Amino acid sequence: MTVPQDQTLNDVMDPARARALQATLGEVPTIRSGDPLPPFAHHIYFWDPQPPAALGRDGHPATGALIPDLGLPRRMWAAGKLTFHRPLFAGIRAEKVTRVDSVTRKSGRSGPLAFVRLRHDIRQRQTLAVTEFQELVYRPDEAATTPAPPKAPTDETHSEIVNADPTLLFRYSALTFNGHRIHYDQDYAQAVEGYAGLVVHGPLLAHLLMGFAQRQLGGLSTFSYRATSPLIVTEQATLCGKDGSFWVRGPDGRLCLQASAAA
């Protein structure tokens, strides 16, 4: 397997885009140049737009460049781990360097799987601000079996209700330049990928849970999360927290995403 080259992207961290993110998440748009950006706001920057010919069937850039072609068509964002060394600031140029940290193949109850772990290092004014590990999973169209999702804890000390709708999914896809069709093309999501409807972005759930954790802890130095079950746009979710552990619970009690955080 050819080792891919690192990818380097630069962005000015436009404050107008940060305000659009605040509005999308139901917050009052207040961010101006020089203000610190909230955790995970970097996810709406560092776009790498590709022409239609360079996209896969799911709307994402096709594999074979940064991420090797693993022969498995279905892509999911499985997990992430972030360390916030210092804040990123709106209106100031930043650089993101991405490299493939590891590629692992496994065979599970759902058939063959491939896990790709990416490392992102984000610097602003030559100073490291964020280190992020992103884990993607690739799998075949036909799963051998679909394991039952785990049940979420019910002993939270803090909680918030979240109701996603197609507009939220559309706006978040636009802000993150995420072309994955499971978030806006219901026919594709159901007929090709086998979901019950439009899927709420895993990173969006992580984004919401990160903001929830920050409000509970007063700040974030680390945040690690793992997706365990998809949330469909028609479903109500509950953000939950207790003693540094955080999770997203679906309406039927299943665990959709679990996380840990530290101030």
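I began with a network of salt bridges, which links Asp6, Arg99, Arg119 and Asp121. The model I consulted is a predicted one.

I noted Asp121 as buried, at 5% relative accessibility, and Arg119 as partly exposed, at 27%.

I then looked up the total and recorded 14 salt bridges. One of them joins Asp101 to Arg117, with 3.0 Å between the closest N and O atoms. Asp101 belongs to strand 3 (residues 94-108) and Arg117 to strand 4 (residues 111-124), so this pair ties together parts that lie 16 residues apart in sequence. I found Asp101 partly exposed, with a relative accessible area of 37%, and Arg117 also partly exposed, at 29% relative accessibility.

My next entry concerns Asp252, which forms a salt bridge with Arg254 at 2.9 Å between the closest N and O atoms. Here Asp252 is partly exposed at 46% relative accessibility, whereas Arg254 is buried, with a relative accessible area of 7%.

Helix 2 (residues 166-176) packs against helix 4 (residues 202-217) at an angle of about 95 degrees, and their axes are 11 Å apart. On the helix 2 side I listed Leu168, Leu169 and Tyr172, which meet Pro203, Leu204 and His207 in helix 4. By class, the residues of this contact comprise five nonpolar, one polar and no charged.

Terms used:
Residues are numbered from 1 along each chain as its sequence is written. This is a predicted model: local features need pLDDT of at least 70, side-chain atom pairs count only at pLDDT 80 or more; totals for chains, interfaces and linings use all residues. Side-chain values use heavy atoms; hydrogens and water are left out. Axes are lines fitted to C-alpha atoms, for helices over the stretch in contact, and angles run from 0 to 180 degrees between N-to-C directions. Helices (H or I, at least four residues) and strands (E, at least two) are DSSP runs, numbered from the N terminus. Contact means heavy atoms within 4.5 Å. Ala, Val, Leu, Ile, Met, Phe, Trp, Tyr, Cys and Pro count as nonpolar, Asp, Glu, Lys and Arg as charged, and the others, Gly among them, as polar. A salt bridge is a side-chain nitrogen of Lys or Arg within 4 Å of a carboxyl oxygen of Asp or Glu. Buried means under 20% relative accessible area, exposed over 50%, partly exposed in between (1.4 Å probe, protein chains only).
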